[in-house]
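Work through the exercises below with the structure open beside you. Try each task before reading its solution.

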Amino acid sequence: METSSAARRLATRFVAGETLDQALSVSRRLKDEGITVTLDHLGESVTGLEEAAEARNVYLHTLDAMHDSGIGGNVSLKLTQFGLDFSYDQCLANVEQLVRRADALDSFIRVDMESTQYTQRTLDLVEDLHARYPRVGVVIQSYLYRSKADVEKLCGLRIRVRLCKGAYLEPQTVAFPNKEDVDRSFVELMKILLDRGEYPAIATHDPAMIDAAKAHAAARNLPKDAFEFQMLYGIRRDLQAQLVREGYRLRLYVPFGKAWYPYYMRRLAERPANLLFMLRNLFR
Ligand SMILES: Cc1cc2nc3c(=O)[nH]c(=O)nc-3n(C[C@H](O)[C@H](O)[C@H](O)COP(=O)(O)OP(=O)(O)OC[C@H]3O[C@@H](n4cnc5c(N)ncnc54)[C@H](O)[C@@H]3O)c2cc1C
């Protein structure tokens, strides 16, 4: 899929391009529209520590380029891309280099959350780094039963949280199987984060979740710059524009790179209509 030009064209709906330059040019356009970015260099589950070191170098270069171009913004990364499957310590050392660079450049590193086999290690690593460098934050998934306790702890530690629903297929033993429960949990966690969290990010395209966040922030008299909404590049552009018009902060998660297949598949799986759209285009 990743080497087929037809498939690549389809992926451009959700992916900024294969190169950093393409990602920067998308970021520049978004900045002009009043939207900030978090860049994600695609690639997860690397095959060894050498590849993990390469990923770290790409991210170092990305941070420098974002800074030099004046685009601002920050980066998001996945620990499996930094070698978590091979060595926790090496993965920590890789991410530490990035967090130090982000510190020097006034930027920020967001550690994405992957499937539950990584949840505890991801939280441990971010906590460890945050104790030394504040410019690192993490992601909490509202579909997990454990997330309320995690959110409470992260608020206490003043670690920035991005709240999302969760994108991986998890068993009922660890995650709510029904959408209503995931949504209820999202609203509950969103309220805790807006009340006590450190500059929370509310990451969703669900109008009901967005309205609930707006209502809670208004009820608490929170200024619009006390938190930000986040969405994925290419999804619900209408809602994105509306939030900017209303004066809310919005950051888009902008992925780039050659290894777009797993990311693209998660976006298709989230919404059956996307699959129909893709098939129709393939036939065309
Ligand atoms: C900035 C950001 C960062 C994220 N980081 C992580 C992470 O680190 N770990 C993780 O597990 N998940 C992450 N996610 C994904 C998240 O967990 C959800 O899978 C995804 O956002 C869909 O959930 P939703 O909140 O938009 O609500 P849903 O109830 O799934 O969708 C609500 C509405 O949004 C629109 N929509 C949602 N998804 C799509 C799509 N793929 N294509 C087209 N329309 C769509 C539709 O209109 C839909 O009706 C992230 C999401 C965002 C926005």
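The model is predicted: local features need pLDDT of at least 70, side-chain atom pairs count only at pLDDT 80 or more, and totals for chains, interfaces and linings use all residues. Residues are numbered from 1 along each chain as its sequence is written, and side-chain values use heavy atoms, with hydrogens and water left out.

**Exercise 1.** Find the residues that surround the ligand and sort them by class.

Solution. Step one is the criterion: a residue is near a molecule if one of its heavy atoms lies within 4 Å of it. The ligand is surrounded by 26 residues, and the closest are Gly166, Thr204, His205, Glu270 and Asn274.
Step two is the sorting. Ala, Val, Leu, Ile, Met, Phe, Trp, Tyr, Cys and Pro count as nonpolar, Asp, Glu, Lys and Arg as charged, and the others, Gly among them, as polar. The shell around the ligand then has 10 nonpolar, 6 polar and 10 charged residues.

**Exercise 2.** Describe the largest pocket and its lining.

Solution. On a 1 Å grid over the protein atoms alone, a pocket is an open set of points with protein on both sides within 12 Å along at least five of seven lines; lining residues have an atom within 4 Å of a point. A volume is the space filled by probe spheres set on the points, and for the largest pocket this is about 1,300 Å³. Of its 42 lining residues, the closest to the centre are Lys165, Gly166, Ala167, Arg267 and Glu270.
By class, the lining has 20 nonpolar, 8 polar and 14 charged residues.

**Exercise 3.** How many cavities of 30 Å³ or more does a search of the whole structure find?

Solution. A cavity is a set of points where a 1.4 Å probe fits but cannot get out. The search finds 1 cavity of 30 Å³ or more. The largest cavity has a volume of about 40 Å³. Its lining consists of Leu10, Arg13, Phe14, Tyr264, Leu268, Asn274 and Phe277. These divide into 5 nonpolar, 1 polar and 1 charged.
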